[in-house]
Amino acid sequence: MKLQSRAQAAIAFALLFACVVSCKSSTSSTSSKTDPPKNANTATQSPAHTNMTNNAPATPPDIAGKYNVVGSNPDGSPYRGTLEVIPHGDVYQFRWSAGTQYDGIGVANGNVVAVAFASGENGKGCGVVDYEIRSDGALDGKWGYWGTNEAGTEKAKRTGGSGLEGDYEATGQNPNGKEYKAKLTVEPAGNLYRFVWSNNTDGVGIKQGTNIAVGIGGKRCGFVAYEIRPDGLEGIWGGYGTDKTGTEKATKQ
């Protein structure tokens with residue numbers, strides 16, 4: 001993607017990953033801990049919980065490394081660039097270079113990795129949740145937030161609605177082990193979905209197979225849902241303000 005087009009289309013992309021630390025930080029360094037996914041100006045906690053897809057291996061594939069990327073922006077224009085995925089505890093930092101630098105935080109959940117990203121050298125204010133959609137309609141997720149190396153988890157039980165849309169009772173655990181509860185509503189947003197939690201947190205989700213990746217953080221943050229392939233990552237990405245999406249394939253160098 002022409003990362004610059006991305007930023008206009010939905011917040012630039014190239015893939016999001018959230019680094020829990022600045023791009024210059026070591027894999028062990030981190031900023032102070034942050035509660036579960038939440039809007040940058042709220043102190044309330046937000047969702048996510050971990051669980052793998054039925055066919056996923058017990059141990060997530062190793063996605064760390066350098067990649068060559070090719071993709072298309074939401075307007076159909078092509079782009080090329082590079083991506084580096086850096087492990088930071090339970091999460092990953094995604095750092096793209098495609099005419100513009102993008103940085104984000106990613107969480108792997110089964111064979112899918114979800115990323116939230118922003119333009120520049122850090123993804124401050126961005127969070128991401130990846131849910132597995134269960135056969136009974138429940139959501140089983142894992143989430144991460146820029147600045148924290150540990151992931152949180154969340155399960156959301158459906159209380160009304162059909163398909164993915166509807167109301168849920170969510171229970172989760174913050175990276176520090178503290179548990180929380182919240183009500184969650186999922187609404188259609190064109191080709192995407194809007195997630196609204198009762199703790200003043202909201203995000204936009206993009207479906208990838210039986211998983212849905214939800215970006216949190218407002219207009220500054222884009223989001224990507226990648227399927228982990230033997231040769232790399234293949235994803236769909238988008239951002240706030242439009243339901244148009246782009247695509248990207250990242251092949252390991």
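A residue is buried under 20% relative accessible area, exposed over 50%, and partly exposed in between (1.4 Å probe, protein chains only). By that cut-off Cys221 is buried, at 1% relative accessibility. This is a predicted model: local features need pLDDT of at least 70, side-chain atom pairs count only at pLDDT 80 or more, and totals for chains, interfaces and linings use all residues. Residues are numbered from 1 along each chain as its sequence is written, and side-chain values use heavy atoms, leaving out hydrogens and water.

**Chain overview**
- The protein chain holds 1 helix and 16 strands. Helices (H or I, at least four residues) and strands (E, at least two) are DSSP runs, numbered from the N terminus.
- Of its 253 residues, 54% are buried.

**Barrel**
- A closed barrel of 8 strands runs 1-2-3-4-5-14-15-16, with antiparallel pairing. Two strands pair if DSSP finds at least two bridges between them.
- Strand 5 (residues 112-119) pairs with strand 14 (residues 222-229) in the antiparallel sense over 6 bridges.
- Ala116 has Phe223 in strand 14 as its bridge partner.

**Disulfide**
- The whole structure contains 1 disulfide, defined as a pair of cysteine sulfur atoms within 2.5 Å.
- Cys126 is joined to Cys221, S to S 2.0 Å.
- Cys126 lies in the loop between strand 5 and strand 6 (127-133), and Cys221 in the loop between strand 13 (211-216) and strand 14. The two are 95 residues apart, so the pair links distant parts of the chain.
- The link of Cys126 and Cys221 is left-handed, with -90 degrees about the S-S bond.
- Cys126 is buried too, at a relative accessible area of 0%.
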